Amino acid sequence: MEIVSTLTELQKRIHTWKKQGQKIGFVPTMGFLHEGHLSLVRESKRRSDVTVVSIFVNPKQFGPAEDYQVYPRDPERDRALLEREGVELVFYPPVEVMYPEGYKTYVEVEDLQDKLCGKSRPGHFRGVCTVVLKLFNLVQPDEAYFGWKDAQQVIILQKMVEDLNLPVKIVPLPLVRDHDGLALSSRNTYLSPEERRAALVLKKSLDLAEKLMVEGEREAGRIREKMIELISAEPLARIDYVEIVDLKTLERLETIGDQVLIALAVFIGRTRLIDNLRIVSGGIEK
């Protein structure tokens, strides 16, 4: 496994693979890898000739009061995990390589970026789209793998790829949960044992939504009210949002249809966690 940190090194290796006709799979990450990330790596290994993983904590997607400085990092552990998975190349650039002095160019996907997480984290998806487009230009992947845990991110990046005619296929993969049902996240390490138990209320609220739908409830407002009621009963929980929206437009729905995203963001103590479930063609996908 190669580890490169400069654009020259990366582009040299990519050029060689492209010349050889290799299919390149790409998994962009911010490191501190968990099983969710590794599930993406394994799918890339299965579908591609070579797999590239980037590790870059992107400052442009953090707000001024957010956790950029303390975001968990463990590069040695990350490298060991990726080597074990047989990754061919890890791109590990410093900030000044991705954003040199005088950097002024950004990418935005209008409308979609201002809903859900974008509403409470202004500028977040501007930073996400900018860094992902830069990485796509550098790695030139045939396919790029993302988890449905960040559902809004997947939807926005799919739209960016479509609108800019990028020659890469976004491959979304299922959300991965821990043994207790909590969606895997690097930020889970912030939780105390008590907060960890309280955080299970996110999954419980989605389970409640699923139960109500199975029982025949189709009024989105009623489902949302019941979810909010359940979460609000947890003393350590503070709701950022609970929304039931169209899976493509992210517009709030009145009635459950065939393309639905039920998404929520909840603070447990000081830690903001997200979770979701999707309804596709009448079937529930978690």
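Is C117 buried or exposed? In this predicted model, C117 is buried, its relative accessible area being 6%. The close-up views below begin with this residue.

View A. A search of the whole structure returns zero disulfides. C117 takes part in none, and the cysteine sulfur nearest to its own, that of C129, is 13 Å away.

**View B. F62 and Y68 form an edge-to-face aromatic pair.** The structure contains six aromatic pairs. In the pair of F62 and Y68, the distance is 5.4 Å centre to centre, with 65° between the planes. Both F62 and Y68 are buried.

**View C. Y103 and Y106 belong to an aromatic cluster.** This cluster consists of F56, Y99, Y103 and Y106. The ring centres of Y103 and Y106 are 5.5 Å apart and their planes meet at 85°, so this pair is edge-to-face. Y103 is partly exposed, with 22% relative accessibility, and Y106 is also partly exposed, with 25%. Another member of the cluster, Y99, has K60 over its face, at 5.1 Å from the ring centre.

**View D. R238 is placed over the ring of F267.** The charged end of R238 is 4.1 Å from the centre of the F267 ring.

**View E. Strand 5 pairs with strand 2 and with strand 6.** Strand 5 spans residues 143–147 and is mostly covered, four of its five residues being buried. Strand 2 (residues 24–29) runs parallel to strand 5 and is joined to it by two bridges. Across this pairing, F26 stands opposite A144 of strand 5. Strand 6 (residues 169–173) also runs parallel to strand 5, and five bridges join the two. Here F146 has P172, in strand 6, as its bridge partner.

**View F. A right-handed β-α-β unit includes strand 5 and strand 6.** The helical element of the unit is helix 7, residues 151–163. The two strands of this unit, strand 5 and strand 6, are the parallel strands joined by five bridges.

Notes:
Residues numbered from 1 in each chain as written. Predicted model: local features only at pLDDT ≥ 70, side-chain atom pairs only at ≥ 80, totals over all residues. Heavy atoms only, no water. Disulfide = S-S within 2.5 Å. Buried < 20%, exposed > 50% of the residue type's maximum accessible area, 1.4 Å probe, protein only. Phe/Tyr/Trp six-rings, centres within 6.5 Å; stacked < 30°, edge-to-face > 60°. Lys NZ or Arg CZ within 6 Å of the ring centre and 35° of its normal. Pairing = 2+ DSSP bridges. Right-handed = clockwise from strand over helix to strand, strands pointing away.
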